[in-house]
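Subject: Structure for your review

Dear colleague,

Please find below the structure that I am handing over to you. My notes on what was found in it follow directly after.

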Amino acid sequence: AAVPGWASAPGAFASVTRTPAELSLVVEQRHVPAGDDGVRIDGGWRALRVRGPLPFDLVGVFTTVAVPLAGAGVPIFPLATFDTDYLLVKEGDLS
């Protein structure tokens, strides 16, 4: 499938990942059109940015954040870019 225009709103947080099996879009929920039957949504996530840029040989960045959150029972959705890492948590777990 082609990447829909709403997935690349200027200035918005967005990540596009394509594999042989899927097209996965992580975008700000406010940009996803309501009623699009072809779109599966798991909303209510908030993105936390790990201060970067991070060198590629740096080890354990996600672990230092993920282990305490796992101990507290907080599910995470990790996402990395070239310069830094993001950790998405459900809005209800943000505090």
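This is a predicted model: local features need pLDDT of at least 70, side-chain atom pairs count only at pLDDT 80 or more; totals for chains, interfaces and linings use all residues.

Three strands form an open sheet in the order S3-S5-S4, and their pairing is antiparallel. Strand S3 (45-49) and strand S4 (76-80) are the edge strands; each has a single partner strand, so one side of each is left without a neighbour in the sheet. On average, and with direction ignored, neighbouring strands of this sheet are turned by 25° against each other.

Between S4 and strand S5 (residues 85-90), the antiparallel pairing runs over five bridges. Within this pairing, Pro78 has Leu87 in S5 as its bridge partner. Helix H1 (residues 61-71) packs on the sheet and touches S4 and S5. The direction of H1 makes about 15° with that of S5.

For the chain as a whole, the inventory is one helix and five strands. Along the sequence these elements follow the pattern β-β-β-α-β-β. The C-alpha trace spans about 40 × 30 × 30 Å along its principal axes. Of the 95 residues in the chain, 17% are buried. Among contacts with a separation of 6 or more, 47% are between residues 24 or more positions apart.

Aromatic pairs

A search of the whole structure returned three aromatic pairs, and two of them are described here. In one of them, the ring centres of Trp45 and Phe77 are 6.1 Å apart and the ring planes stand at 80°; because planes over 60 degrees apart count as edge-to-face, the pair is classed as edge-to-face. Trp45 belongs to strand S3 and Phe77 to strand S4, so this pair ties together parts that are 32 residues apart in sequence. How accessible are the two residues of this pair, Trp45 and Phe77? Trp45 has a relative accessibility of 24% and counts as partly exposed. Phe77, with a relative accessible area of 31%, is likewise partly exposed.

Another aromatic pair, Phe56 and Phe82, is also edge-to-face, with 5.0 Å from centre to centre and 80° between the planes. This pair links distant parts of the chain: Phe56 is in the loop between S3 and H1, while Phe82 is in the loop between S4 and S5, 26 residues apart. Are these residues buried or exposed? Phe56 counts as exposed at 65% relative accessibility, and Phe82 is exposed as well, with a relative accessible area of 63%.

The largest pocket

The volume of the largest pocket is about 880 Å³. Its lining consists of 28 residues, and those closest to the pocket centre are Leu25, Val26, Arg40, Ile41 and Asp42.

With kind regards

Definitions and conventions:
Residues are numbered from 1 along each chain as its sequence is written. Side-chain values use heavy atoms; hydrogens and water are left out. Two strands pair if DSSP finds at least two bridges between them. Helices (H or I, at least four residues) and strands (E, at least two) are DSSP runs, numbered from the N terminus. Axes are lines fitted to C-alpha atoms, for helices over the stretch in contact, and angles run from 0 to 180 degrees between N-to-C directions. Contact means heavy atoms within 4.5 Å. Rings of Phe, Tyr and Trp (its six-membered ring) pair if their centres lie within 6.5 Å; planes under 30 degrees apart count as stacked, over 60 as edge-to-face and the rest as tilted. Buried means under 20% relative accessible area, exposed over 50%, partly exposed in between (1.4 Å probe, protein chains only). On a 1 Å grid over the protein atoms alone, a cavity is a set of points where a 1.4 Å probe fits but cannot get out, and a pocket is an open set with protein on both sides within 12 Å along at least five of seven lines; lining residues have an atom within 4 Å of a point. Grid points are joined across faces, edges and corners, and a volume is the space filled by probe spheres set on the points.
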